[in-house]
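Student: Hi! Could you walk me through this structure? I'd like to start with the rings and then look at the helices.

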Amino acid sequence: MTQPVTLGGRPMMPPPGAPAEELLIARFRGHARSLFWSAVLLIAVFGGTAFFFNNLPEGYENWMLFTAAAVLILLGVLIPFISWASRSYTVTTRRVIVRHGVGSRQRREMSHVRGYTIGVRRNLAQRMWGAGTITLSNGVDAPMRLTNVPNVTLVHEALADQIEVNQILAHRDAQSMSDPDSAR
């Protein structure tokens, strides 16, 4: 769903005092490069299982091979994948939402209107992949960390733009509410 746009490409602003519709800007997970070794392990386990099937030394049976392969896949592939997939980040026109957890989901939100500082940290591997860790801090709550964010510079710019737009709208609404004659 998109908003009508003006000539400058910016979305149309709601009239003063009217609530702005909350729109989805981005929904993403951490960078998938953390699953590289899981993928290598999965390929190695399938290759090793295919090689050793009906070709085991004396005293070993095929069910033992399949059991060892299943344990390796469970511990080295499925658990890291579920851990990666259980954390998601959502940026809307009103807030940033971080969700994580498998059995019991936890959710944290930070509103753009309140304003917050944006810190970006990138180590060497993150710079090579274009990823980074964003820390959002409003000075009151505990800082919110978005780890291994892909396209970190784009997300940083989008967050900074949303803070600016939301604070302009809040200021405009506060001005129109305090001066009822200017609304005419």
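**Rings and helices**

Tutor: Happy to! The structure holds five aromatic pairs. Keep in mind that this is a predicted model.

Student: How are the rings of F28 and Y89 arranged, then?

Tutor: F28 and Y89 make a tilted pair, with 5.5 Å from centre to centre and 45° between the planes. This pair links distant parts of the chain, since F28 sits in strand β1 (residues 24–28) and Y89 in strand β2 (residues 88–92), 61 residues apart.

Student: Buried or exposed, those two, F28 and Y89?

Tutor: F28 is buried, and Y89 is buried too.

Student: OK, and what kind of pair do F36 and W37 form?

Tutor: An edge-to-face one: the ring centres of F36 and W37 are 4.9 Å apart and the planes are at 75°, which is over the 60 degrees that counts as edge-to-face.

Student: How accessible are F36 and W37?

Tutor: F36 is partly exposed, with a relative accessible area of 49%. W37 has 64% relative accessibility and counts as exposed, because the cut-off for that is over 50%.

Student: New topic! How do helix α1 and helix α2 cross?

Tutor: The axes of helix α1 (residues 36–52) and helix α2 (residues 62–85) cross at roughly 170° and come within 9 Å. That angle is over 145 degrees, so α1 is roughly antiparallel to α2.

Student: Which residues make the contact?

Tutor: From α1 they include L41, L42, V45 and F46, and from α2 they include L65, F66, L72 and I73.

Student: And what classes are in the contact of α1 with α2?

Tutor: There are 12 nonpolar and four polar residues, and no charged ones.

Terms used: Residues are numbered from 1 along each chain as its sequence is written. This is a predicted model: local features need pLDDT of at least 70, side-chain atom pairs count only at pLDDT 80 or more; totals for chains, interfaces and linings use all residues. Side-chain values use heavy atoms; hydrogens and water are left out. Rings of Phe, Tyr and Trp (its six-membered ring) pair if their centres lie within 6.5 Å; planes under 30 degrees apart count as stacked, over 60 as edge-to-face and the rest as tilted. Helices (H or I, at least four residues) and strands (E, at least two) are DSSP runs, numbered from the N terminus. Buried means under 20% relative accessible area, exposed over 50%, partly exposed in between (1.4 Å probe, protein chains only). Axes are lines fitted to C-alpha atoms, for helices over the stretch in contact, and angles run from 0 to 180 degrees between N-to-C directions. Angles under 35 degrees count as roughly parallel, over 145 as roughly antiparallel, 65 to 115 as roughly perpendicular and the rest as oblique. Contact means heavy atoms within 4.5 Å. Ala, Val, Leu, Ile, Met, Phe, Trp, Tyr, Cys and Pro count as nonpolar, Asp, Glu, Lys and Arg as charged, and the others, Gly among them, as polar.
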